[in-house]
Amino acid sequence: STKVWVRRACGVHTPLMRAIERVLRRPGLSFGKVMILCGGPDWPTSVLAGILGISVFQCELGTCPIIASVVPLCLSGSFYLRRVGYGEVW
């Protein structure tokens with residue numbers, strides 16, 4: 001993006017985002033890139049990936065490991081609600 005306000009809001013001038021940029025620019029999927037895509041700040045990381053022109057497929061593939069934490073959390077919450085009796089629908 002060439003819009004200054006988007007770059008400013010994303011914080012591409014900060015040391016943190018500069019470090020994220022260096023990791024995201026590396027070709028392929030590394031452990032660091034996957035950790036940034038899964039655990040980094042959502043909006044700034046996504047905007048930075050768009051500014052850098054990183055493949056959408058690579059970004060989506062890099063965020064897939066988050067399923068390993070989301071699924072157990074959702075299941076434990078649903079089993080808790082079922083056990084306690086909050087959900088009369090069950």
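Modeller: On one side of α2, Pro15, Arg22 and Arg25 are exposed, where exposed means over 50% relative accessible area, buried under 20% and partly exposed in between, for a 1.4 Å probe and protein chains only. This is a predicted model, in which local features need pLDDT of at least 70 and side-chain atom pairs count only at pLDDT 80 or more, while totals for chains, interfaces and linings use all residues. Residues are numbered from 1 along each chain as its sequence is written, and side-chain values use heavy atoms, with hydrogens and water left out.

Helix α2 spans residues 15-25, and its buried residues are Met17, Ile20, Glu21, Val23 and Leu24 (helices are DSSP runs of H or I, at least four residues, numbered from the N terminus). These residues lie on the same side of α2, because they cover an arc of only 165° around the axis, taken from the directions from the helix axis to the C-beta atoms. Among the elements covering these buried residues are α1 (4-10), α3 (31-39) and α4 (42-52), with contact meaning heavy atoms within 4.5 Å.

Of these neighbours, α4 packs against α2 at an angle of about 55°, with the axes 11 Å apart (axes are lines fitted to C-alpha atoms, for helices over the stretch in contact, and angles run from 0 to 180 degrees between N-to-C directions). That angle makes α2 oblique to α4, since angles under 35 degrees count as roughly parallel, over 145 as roughly antiparallel, 65 to 115 as roughly perpendicular and the rest as oblique. The contact joins Met17, Ile20, Glu21, Leu24 and Arg25 of α2 to Pro44, Thr45, Leu48 and Leu52 of α4, so that Arg25, exposed as it is, takes part in this contact too.

Another of the covering helices, α3, packs in turn with helix α5 (residues 56-63) at an angle of about 80°, with the axes 8 Å apart, which makes α3 roughly perpendicular to α5. Here Lys33, Val34, Leu37 and Cys38 in α3 meet Gln58, Cys59, Gly62 and Thr63 in α5.

Although Cys38 and Cys59 are both listed at that meeting, their sulfurs are 11 Å apart, too far for a bond, and Cys38 holds the closest cysteine sulfur to that of Cys59. Cys59 counts as buried, at 16% relative accessibility. Cys64 is partly exposed at 39%, and its sulfur is 8.3 Å from the closest cysteine sulfur, again in Cys38, which is also too far for a bond. With a disulfide taken as a pair of cysteine sulfur atoms within 2.5 Å, the count is 0 disulfides.

Key:
Helix = DSSP H or I, 4+ residues; strand = E, 2+ residues; numbered from the N terminus.
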